Amino acid sequence: MRKINDVDVVIELDVHPHSEPKTMLGLLFEAINGQPGSRYHGMVTQNSRCVTVKYEDGTTVDLMPVARLAGEPDRAGNLFHFRKESDESFHKAVNPWAFADDFNKRVEFDQAFYDSFRGRRLLVEGTLEIKAETQPMPEHVPIEEKSPRIVALQLIKRNRDIAFRSSARGGMRKPPSVVLAAISLDAGPVKTSLIDEVINVANAIRVRLQQKFGARRTVEVRNPAYHPDVFTDRWPENEQAQDMYDADLRRLITELYRLRNDVLSMAEKSELLKKLFGESAAAYAIESHLDAQRHEMEAGRLQAGPRGKIAATVAAPAVAAGLRTSPVRAATREGRGTLKE
């Protein structure tokens, strides 16, 4: 079973929207943590804006309480911020539902992308028979039913997570997923090729990171569906943090151009994918690629070319070229969360 990490849950509380943040977060912590011997006792941590449950397998669920604001757009509310270390306390207007709805309406479905991934998955399964899909939960939607933009965001966030594991960045806040998702909406038309779409979105984020305002000289990104909701209120903390992530994206783009354009062996591609997106994600991409090649070869559609390369003798139905077809799934329909490594 695929493990899901970093699930975000917004909990609407029927309380006054200006209730004391310290009290509201404390009450939620006590309610979830429970008494000794109860299911979640000892697995719960109170953070500055949420209560986190961490399971034995490493899965985490962040529960963020909000209270609706009267006279505001549907489902807008105040979140409660309280930091124990500094006694910092305030309310922040948010509307995550509006953003999720706006994002899903604006991301584009690409038929060629659907055909490419659908064909690859069916080929790996060894059949071209069209079967009904079952989707018990949103996160289990097959990759071909996703917009390339959502999958590209997942890979960019995976790369971000790997970069921020460095001991040199211990304790540093990483760019929030919602900031990356919001900027991606302005990345222009989606690309059918996944590698091109990752480059496209990464470039769009870099362009936005060139914008620097105010005393901190940092970018400002707001919820496009609810203007009072500022996504960049905590990151970047300063110009240096913004420039650091810009450099991360520049390296990612450079390596993706190399992956796309250079003549690399399968081992070299595997190492590059491992560096960019993690060991298991790289292994899965390579295995999927080789499985599809094997099925094509068995069907007589591939032949060995010069220098031992594999060439198609007949165009395989709906199969994209090379490693563009790495079937890595998003954790949610909105593209939030992390990829299984």
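## A friendly tour of the helices and loops

The chain's secondary structure comes to nine helices and ten strands; both are DSSP runs numbered from the N terminus, helices being H or I of at least four residues and strands E of at least two. This is a predicted model in which local features need pLDDT of at least 70 and side-chain atom pairs count only at pLDDT 80 or more, while totals for chains, interfaces and linings use all residues. Residues are numbered from 1 along each chain as its sequence is written, and side-chain values use heavy atoms, with hydrogens and water left out.

Q: What percentage of the residues of the chain count as buried?
A: Buried means under 20% relative accessible area, exposed over 50%, and partly exposed in between, with a 1.4 Å probe and protein chains only. The chain has 341 residues, and the buried share is 46%.

Q: Which residues of helix 5 does helix 4 meet?
A: Helix 4 (residues 148-163) and helix 5 (residues 177-184) pack with their axes 11 Å apart. From helix 4, the residues taking part are R149, L153, I156, K157 and R160. Contact here means heavy atoms within 4.5 Å. On the helix 5 side they meet S177, L180, A181 and S184.

Q: Why is helix 4 called oblique to helix 5?
A: Axes are lines fitted to C-alpha atoms, for helices over the stretch in contact, and angles run from 0 to 180 degrees between N-to-C directions. Angles under 35 degrees count as roughly parallel, over 145 as roughly antiparallel, 65 to 115 as roughly perpendicular and the rest as oblique. Helix 4 and helix 5 pack at an angle of about 140 degrees. That angle makes the pair oblique.

Q: How do helix 7 and helix 8 lie to each other, roughly parallel or roughly antiparallel?
A: The axes of helix 7 (residues 239-261) and helix 8 (residues 266-277) come within 11 Å and cross at roughly 160 degrees. Helix 7 and helix 8 are therefore roughly antiparallel.

Q: How many charged residues does the contact of helix 7 with helix 8 have?
A: Helix 7 brings L252, E255, L256, R258 and L259, and helix 8 brings K269, L272, L273, K275, L276 and F277. Ala, Val, Leu, Ile, Met, Phe, Trp, Tyr, Cys and Pro count as nonpolar, Asp, Glu, Lys and Arg as charged, and the others, Gly among them, as polar. By class, the contact has seven nonpolar residues, no polar ones, and a charged count of four.

Q: How many residues of helix 6 are buried?
A: Helix 6 (residues 194-209) has 16 residues. Those buried include L194, I195, V198, I199 and V201, with E197 and R208 also among them. Helix 6 is mostly covered, and the buried count is twelve.

Q: Where is P236, which a cis peptide bond joins to W235?
A: Most peptide bonds are trans. Between W235 and P236 the bond is cis, with omega about -5 degrees. The place of P236 is the loop between strand 8 (226-230) and helix 7.

Q: Is D87 buried or exposed?
A: D87 sits in the loop between strand 5 (77-83) and strand 6 (88-94). Although D87 is not a glycine, its phi is positive, about 65 degrees. With a relative accessibility of 53%, D87 counts as exposed.

Q: What is the relative accessibility of R217?
A: R217 lies in the loop between helix 6 and strand 7 (222-223). R217 has a positive phi of about 50 degrees although it is not a glycine. R217 counts as partly exposed, because its relative accessibility is 40%.

How values were computed. Expected span 1.5 Å × (residues − 1).
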